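The report below takes the topics one at a time.

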Amino acid sequence: MGVYVVDYIDRVMIAIALPLIGKEFGLTRTEQGLVVSAFAIAYMLVQFPAGVLADRIGSRPLLVVSLAAWSVFTAATGLAPGLLVLLLLRVLFGVSQALFPAASFKALTERTTPRTRSRGAGLMIASNSLGAGLGPLIAAPLVVMTGWRHTFWIVAAAGLAIGLVLWKLMPPPLPRELTEADTHADTLAAAPVTHVLRNGLVLRCAVMFACFNMLDYGMITWVPSYLVETKGMSMVEAGISSAIPLLVTAAAVVLGGQLMSRGLDADPRRLVVPALLLSASLLVAMLLTNSTTAFTVLQSLAMFAAGLASIGIIGMPLRALSRDVVGSGMGVVNTGGQLAGVLAPLIMGWLADRSGFAAAFGFLALATVVAASISLTTRPNPTTEKTASLHPSSQTS
């Protein structure tokens, strides 16, 4: 959880620095979106291979390598002389960070029981929003005081130091009999990885996560620029305003994990569908307001509602798959989630250039409704989860 906070602070800094980078390099909004998407493309493409690697060599070595590599490329970003080098560094940063998620989900599965997994996943996923929320509060003042280049150097050094300290606190795995819902789930150890790719629940969650994650990536990338360029806020004011909804989201994800573990695991739709529809409605209201304060309040409420649904989406494959293939399975799901990181910055940048920010944020409301629709047709239950654990080639829906 602690390393994820550092992960997202590193990742969000680019959005805070984007207006200054765009001005220095003479970039259009579409080109600025490409800077964010360059990371996301690499991050997305490496998710599944990283999951397979985590299942083969274990979670711990991959977590260490990922942490060290992304700190190096964060520091190198501050040396970029122009757009092409910046894009290359963002790709390498994406590759190094892509090693982390599947390994972290595998580490979680090895250290939690099925009964407590949703709560644990809630705390871990909440750290994403916590880091994304702290990112603007830390990066915006640093950018103003030291410039965007020095900010990347400072945060890279601090992140590596904090991550290594937190790494030492990682507990050992629990015995297999405590982590598996079915004592025969270890038969998956010899199953081909391609069976995970044919698991219907995994594929549905991947598509659902792609639509759901549009909201987070879209807000993280474009809200600071919107507040600075359209509302006339200073960099620090925009950083604070954009941080509030993300911190609210972190609390919502924890609460969602608690709700899931207290009776909603059997049918996550009861929480996911109404939460996402409420979020989409609040996003529409956000588009119609001219008040900066109302924009931030409505954005916070929309992201809080969406945050409640996070573990309902992520938790299904975590509970359905054996620890032997959970890295590969979550690699597939996270590939879908990171497709949003590729598309949302580019689509919203394109819409903002041609039709304004209202159209760009309207796209997020539409994507959230699509995620709710997919959830409505997804029916996990104890029988299908057991089948998925024992026979990963089965098609769960």
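In which helix is the place of Asn334? Asn334 has its place in helix α14, where helices (H or I, at least four residues) are DSSP runs numbered from the N terminus.

## Basis of the model

This is a predicted model, in which local features need pLDDT of at least 70 and side-chain atom pairs count only at pLDDT 80 or more, while totals for chains, interfaces and linings use all residues. Residues are numbered from 1 along each chain as its sequence is written, and side-chain values use heavy atoms, with hydrogens and water left out.

## Asn334 and its surroundings

Asn334 counts as buried because its relative accessibility is 7%, the term buried being applied under 20% relative accessible area, with exposed over 50% and partly exposed in between (1.4 Å probe, protein chains only). Residues up to four places away in sequence not being counted, Asn334 touches Tyr43, Gln47, Pro101 and Phe209, contact here meaning heavy atoms within 4.5 Å.

The side chains of Asn334 and Gln47 are joined by a polar contact of 2.8 Å. Such a contact is a pair of N or O atoms within 3.5 Å; within protein, one must be able to donate a hydrogen and the other to accept it, and residues adjacent in sequence count only if both atoms are side-chain atoms.

## Two helix pairs

Two packed helices are described by the angle between their axes and the distance between the axes. Helix α2 (residues 29-57) and helix α5 (residues 100-110) have axes that come within 7 Å and cross at roughly 40°; axes are lines fitted to C-alpha atoms, for helices over the stretch in contact, and angles run from 0 to 180 degrees between N-to-C directions. On the α2 side, Tyr43, Gln47, Ala50, Gly51, Ala54 and Asp55 meet Pro101, Ala102, Ala103 and Lys106 of α5. By class, this contact of α2 with α5 has six nonpolar, two polar and two charged residues, where Ala, Val, Leu, Ile, Met, Phe, Trp, Tyr, Cys and Pro count as nonpolar, Asp, Glu, Lys and Arg as charged, and the others, Gly among them, as polar.

For helix α14 (residues 326-355) and helix α15 (residues 357-376), the axes come within 6 Å and cross at roughly 145°. The α14 residues in the contact are Ala344, Ile347, Met348, Leu351, Ala352 and Ser355, and those of α15 are Phe357, Ala359, Ala360, Phe361, Phe363 and Leu364. These residues divide into 11 nonpolar, one polar and no charged.

## The nonpolar core

The largest nonpolar core has 123 residues, and Met219, Phe361 and Leu364 are those with the most contacts inside it; such a core is a set of buried Ala, Val, Leu, Ile, Met, Phe, Trp, Tyr and Cys residues joined through side-chain atoms within 4.5 Å. Helix α10 (residues 200-229) supplies the largest share of this core, 17 residues. Beyond four places in sequence, Phe361 touches Met219, Val223, Tyr226, Met286, Leu287, Phe295 and Met348.

Thr151 lies in helix α7 (residues 148-167) and, because its relative accessibility is 1%, counts as buried. A polar atom of the Thr151 side chain lies 2.9 Å from the backbone oxygen of Gly147, and a polar atom of that side chain lies 3.4 Å from the backbone oxygen of Leu142.

Ala121 lies in helix α6 (residues 117-146) and is likewise counted as buried, at 1% relative accessibility. Neighbours within four places in sequence left aside, Ala121 is in contact with Leu108, Ile311 and Leu318.

Definitions and conventions: Helix = DSSP H or I, 4+ residues; strand = E, 2+ residues; numbered from the N terminus.
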